[in-house]
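Colleague: I would like a close look at a single part of this model, with the terms spelled out as you go.

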Amino acid sequence: MPYSDWISFTHKYGVDPKDFTLSGLKDTTVGRLPGKLNGQQFVIQDCENCNIFVFDHSATVTIDDCVNCRVVLGPVKGSVFFRDCRDVKCVVACQQFRTRDCKKMDVFLCCATQPIIESSTGMKFGCFQYYYPELAFHFKDAGLSIFNNNWSNLHDFTPVSGENNWSLMAEDVDVLEYVPLPDPESEFKSVRVSTDKNRSIVPLTKGGRRKESEESCLFVFFAGDYTTANARKLIDEVTAKGFVLVQTKEVSMRPEDVNRVFQNSAEELTEWTAKGPVVALELNGDGVVEACRIIANEVFDGTKVFVSESKNSASQDVDNFFNFADMQMGL
């Protein structure tokens with residue numbers, strides 16, 4: 001919705017646009033506490049040298065003409081659009097992410113679809129790493145899955161021959177080097193924020209960086225009461241053993257999808273996919289298939305899972321599932 005239409009909408013329905021706008025601010029800490037937006041559209045514009053914390057879910061967010069700002073956005077059901085911004089560092093979770101005419105941005109991103117940059121340079125991206133107590137509920141309210149994160153799968157609408165307008169941050173990057181915690185003297189001091197990657201709501205994935213091992217394993221959890229908790233436990237187990245989480249997906253499957261993806265194991269799995277979306281993980285490292293099979297037997301005995309049978313079949317399992325998931329999600 002264009003900003004002028006948004007102003008008309010707020011007046012029509014008796015909403016004060018100031019409650020959903022940050023404009024013309026400088027050298028301050030501002031934002032919104034949990035429960036203040038409740039899924040409304042939000043606008044940030046003409047801000048300079050500000051720390052902006054939006055600890056709530058929203059419909060869409062537009063950020064225009066901001067300079068030297070640090071921005072944290074709670075889950076956004078639709079799009080986040082940065083325009084004519086520079087020297088911005090941000091933590092963002094959204095369905096769609098786009099920039100236009102931006103320079104020098106550092107983005108810790110969780111994005112359900114392919115992020116897009118246009119006429120933008122000096123863009124750096126890392127995997128979303130953030131926690132505050134209400135964040136898991138805000139993801140749910142925004143209709144976002146913590147497992148659908150295409151943070152490293154960028155599309156540049158305006159590439160320049162011989163140049164690269166974007167890059168990926170180092171794997172050991174620390175969010176606090178880019179975006180500070182809320183000032184203890186600010187109104188946000190009551191929000192218990194953590195940037196510890198082990199507490200992040202969104203799993204930390206390797207994404208599009210080069211894999212260090214040729215061996216990967218597909219591990220799939222089927223719908224149940226503890227699917228998310230089980231996936232998190234698996235991640236803790238395998239990363240503690242030195243393996244790497246490459247990518248994750250949460251997606252629904254039809255019987256014909258099961259046949260195409262799981263092939264020989266399809267018959268026994270079809271009824272399980274009918275119970276709801278599956279959560280799949282690609283794990284990487286020498287010996288990862290054997291390790292995952294041991295973990296499945298020892299830790300998840302009684303839980304319906306799919307684990308690659310061997311090193312030889314695992315790469316095909318990974319390709320089959322994630323190619324299907326990407327097509328399903330329109331990537």
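How near do the axes of helix α4 and helix α7 come, and at what angle do they cross?

Modeller: This is a predicted model, in which local features need pLDDT of at least 70 and side-chain atom pairs count only at pLDDT 80 or more, while totals for chains, interfaces and linings use all residues. Residues are numbered from 1 along each chain as its sequence is written, and side-chain values use heavy atoms, with hydrogens and water left out.

The axes of α4 (residues 255–262) and α7 (residues 311–328) come within 8 Å of each other and cross at roughly 145°. Helices here are DSSP runs of H or I with at least four residues, strands are runs of E with at least two, and both are numbered from the N terminus; axes are lines fitted to C-alpha atoms, for helices over the stretch in contact, with angles from 0 to 180 degrees between N-to-C directions. On the α4 side the contact (heavy atoms within 4.5 Å) is made by Asp257, Arg260, Val261 and Phe262, and on the α7 side by Asn320, Phe321 and Phe324. By class, the residues of this contact comprise four nonpolar, one polar and two charged, where Ala, Val, Leu, Ile, Met, Phe, Trp, Tyr, Cys and Pro count as nonpolar, Asp, Glu, Lys and Arg as charged, and the others, Gly among them, as polar.

Turning to the sheet, four strands form an open arrangement in the order β14-β15-β13-β16, with antiparallel pairing; two strands pair if DSSP finds at least two bridges between them. At the edges are β14 (244–251) and β16 (305–307), each of which pairs on one side only, and the twist from one strand to the next averages 15°. Strand β13 (residues 216–221) is joined to β16 by three bridges, the two running antiparallel, and valine 220 has phenylalanine 306 in β16 as its bridge partner. Across β13, β15 (278–284) and β16 lies helix α6 (residues 288–298), which runs at about 25° to β13.
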